[in-house]
Amino acid sequence: MTLDAARAVVELITGGWRAQAVYTAVKLGIPDHIAAGRTTDADLAAACGSKEDGVHRLMRLLVAVGMFEGNGRTGYHNTPLSTALLDVPGSQRDMCLLYGEEFYAAWGHAHTAISTVSSGFEAAYGTPLYAYLGEHQDASDRFQRAMKAGNLFFDHVPGVYDFAGKHVVDIGGGNGQLLAAILSATPDARGTVLDREHVVAAARANLGATIGLDRVEVVGGSMFDGVPQGGDVYLLCRVLAGHSDDDIVGLFESIRAAMSDKSARLLLLDRLVTDDGDSTMLPALWDLHLLMTTGGRHRSRDHLTTLLNRAGLTVERSAELPVETTALIVAPNA
């Protein structure tokens with residue numbers, strides 16, 4: 001074994017320690033305390049209700065990894081990394097808390113999840129993720145905010161398709177952030193968002209504040225029980241992973257039947273995996289994360305194409321979006 005290989009192994013197997021250190025700093029509110037001028041070990045310990053020695057040792061590591069700068073005697077400073085975790089709208093704070101709590105617990109059952117191809121979250125909590133979110137509003141709200149913070153490609157979607165004058169139906173649209181980005185960029189378009197009953201209140205509030213409810217309809221329900229009729233463009237953004245092939249084909253068939261006419265399109269927005277030996281990090285990592293959280297998976301382009309074809313749909317073209325996301329523009333068969 002070479003020294004470089006040994007060091008690389010240590011970097012890999014201690015990654016969870018660093019993640020939990022970042023989570024702990026965010027849970028204690030350290031980036032916000034520093035922004036407020038409480039910058040020494042003593043100041044931070046008093047503000048967090050923690051022992052100074054613990055705070056000092058945590059900060060020593062987080063300075064070493066570049067999350068903060070400075071020292072506990074003269075004061076710490078935020079960096080762009082810790083600034084991204086402040087308790088402000090649009091930050092990644094809720095993502096950090098979700099990944100450090102519920103999702104970290106799910107990954108604690110990785111051996112079981114991988115060995116049985118089942119949800120690590122369900123092993124940890126005794127119930128599926130979405131059922132859990134439906135029963136725990138705080139967790140559901142944090143999940144929606146985390147999803148919003150992770151949707152770094154939404155503002156680029158209007159650049160891959162012409163939504164002018166269209167009725168856009170976002171299926172499983174969460175709090176309506178993607179629909180808001182599209183309608184903001186396309187003033188003559190109108191939209192509908194469909195999601196579960198415990199989510200639509202957040203969608204209504206967000207779209208009312210950003211777009212105006214005169215251009216948007218918010219519908220509560222399951223996408224597998226039916227989709228809104230008469231859309232010119234249907235969106236499915238990262239909502240397929242936790243469902244079986246047969247259920248997805250049924251959803252595709254419902255969308256095809258609901259389309260306004262032959263000119264209507266379906267846009268599939270997702271990370272696509274590849275098994276030809278040149279997989280990149282994010283699709284492979286998030287595919288395994290989906291197994292931990294929902295028991296689901298990312299699919300390849302060929303796999304999705306097969307499912308679409310079963311439902312009478314064809315991939316017309318594709319476009320690349322940021323953070324290794326692909327848009328498939330799908331047409332009904334003639």
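**Exercise 1. The second largest pocket**

Find how the residues lining the second largest pocket divide by class, and where they come from.

*Solution.* Start with the classes: in this predicted model, the lining of the second largest pocket holds four nonpolar, five polar and six charged residues. Next, take the volume, which is about 330 Å³. Of the 15 lining residues, Pro-89, Gly-90, Asp-94, Arg-145 and Lys-148 are the closest to the centre of the pocket. Finally, look at the helices: H7 (93-100), H12 (137-150) and H14 (197-210) each supply at least two lining residues. Helix H12 gives the most, with five residues.

**Exercise 2. The enclosed space**

Work out which residues line the largest cavity and how they divide by class.

*Solution.* First, the count: there is one cavity of 30 Å³ or more. The space in the largest cavity comes to about 40 Å³. Now go along its lining, and you will meet Leu-240, Ala-241, Asp-270, Arg-297, His-298, Arg-299 and Leu-304. Sorted by class, these residues give three nonpolar, one polar and three charged.

**Exercise 3. A nonpolar patch**

Locate the nonpolar surface patch and decide which helix gives the most to it.

*Solution.* Begin with the members: Trp-107, Ile-114, Met-281, Leu-285 and Leu-288 make a nonpolar surface patch of about 440 Å². Then turn to helix H16 (residues 281-293), which gives the most to the patch, with three residues. Leu-285 lies in helix H16. Its relative accessibility is 38%, so Leu-285 counts as partly exposed.

**Exercise 4. Paired charges**

Take the salt bridges Asp-246 with Arg-310 and Arg-265 with Glu-316, and say what each pair ties together.

*Solution.* As a reminder, side chains of opposite charge can pair when their charged atoms come close. The whole structure has 11 salt bridges.

1. Asp-246 and Arg-310 meet at 3.0 Å, N to O. Asp-246 sits in helix H15 (residues 245-258) and Arg-310 in helix H17 (residues 301-310), so this pair ties together parts that are 64 residues apart in sequence. Asp-246 is exposed at 54% relative accessibility, while Arg-310 is partly exposed at 46%.
2. Arg-265 and Glu-316 also form a salt bridge, at 3.0 Å, N to O. Because Arg-265 lies in strand E7 (residues 265-270) and Glu-316 in strand E8 (residues 313-321), the pair ties together parts 51 residues apart in sequence. Arg-265 has a relative accessible area of 14% and is buried, whereas Glu-316, with 45%, is partly exposed.
3. To finish, look for shared partners: Lys-27, Glu-101, Glu-102 and Arg-142 are joined by salt bridges into one network.

Terms used. Residues are numbered from 1 along each chain as its sequence is written. This is a predicted model: local features need pLDDT of at least 70, side-chain atom pairs count only at pLDDT 80 or more; totals for chains, interfaces and linings use all residues. Side-chain values use heavy atoms; hydrogens and water are left out. On a 1 Å grid over the protein atoms alone, a cavity is a set of points where a 1.4 Å probe fits but cannot get out, and a pocket is an open set with protein on both sides within 12 Å along at least five of seven lines; lining residues have an atom within 4 Å of a point. Grid points are joined across faces, edges and corners, and a volume is the space filled by probe spheres set on the points. Ala, Val, Leu, Ile, Met, Phe, Trp, Tyr, Cys and Pro count as nonpolar, Asp, Glu, Lys and Arg as charged, and the others, Gly among them, as polar. Patches are made of residues with over 30% relative accessible area and no salt bridge: like charges are joined within 9 Å, nonpolar side chains (Val, Leu, Ile, Met, Phe, Trp, Tyr) within 5 Å. Accessible areas come from the Shrake-Rupley method with a 1.4 Å probe; for residues, only the protein chains shown count as cover. A salt bridge is a side-chain nitrogen of Lys or Arg within 4 Å of a carboxyl oxygen of Asp or Glu. Helices (H or I, at least four residues) and strands (E, at least two) are DSSP runs, numbered from the N terminus. Buried means under 20% relative accessible area, exposed over 50%, partly exposed in between (1.4 Å probe, protein chains only).
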